[in-house]
Amino acid sequence: MAALDTVRNAGRLVALHGEAMTLKREGEASTVTLRGKRLLGTVADIGGSAAQQEFRIKIGTTELAASAWASKAPVRHDSIVVDGRERSILDVRPLGEAGTVALYELLVAG
């Protein structure tokens, strides 16, 4: 399968099984509305009575490529709104084939 087919198929799966999310970046005037697939996570104790949810999200590349953002990839310190709650992106891992990124896996907390 060609790398471009992998990108298209991955994007279709996220669009079909994902949920609406909004990616934000400090310094950018606009946000990027996209679909992402949330994966199971954990609840981390951050001291006292506070707890923070951590989980992974897979997002496609289509919405980012069509955005007005200068950098077409999510980066650490961006944030993403899931279920109306803003969460910090702690790590970004590109997933793909033959040097072509098909998905980004984000580690988020908040």
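Strands E1 and E5 (residues 79-82) run antiparallel, joined by 4 bridges; pairing here asks for at least two DSSP bridges between two strands, and a strand is a DSSP E run of at least two residues, a helix an H or I run of at least four, numbered from the N terminus. In that pair, Met21 sits opposite Val82 in E5.

A quick note on the model, everyone: it is predicted, so local features need pLDDT of at least 70 and side-chain atom pairs pLDDT 80 or more, while totals for chains, interfaces and linings use all residues. Numbering starts from 1 along each chain as its sequence is written, and side-chain values use heavy atoms, without hydrogens and water.

Back to E1 (residues 19-24): 5 bridges also link E1 to E2 (residues 32-38), again antiparallel. Leu23 stands opposite Val32 there.

Leu23 turns up again in the largest nonpolar core, which has 15 residues; Leu23, Ile57, Ile80 and Leu106 have the most contacts inside it. By core I mean buried Ala, Val, Leu, Ile, Met, Phe, Trp, Tyr and Cys joined through side-chain atoms within 4.5 Å. E1, E2, E4 (51-59), E5 and E7 (100-109) each give two or more residues to this core. A second, separate core of 5 residues includes Val7, Ala10, Ala102 and Leu103.

Beyond four places in sequence, its contacts (heavy atoms within 4.5 Å) include Leu23, Trp69 and Arg87.

Notes: Buried means under 20% relative accessible area, exposed over 50%, partly exposed in between (1.4 Å probe, protein chains only).
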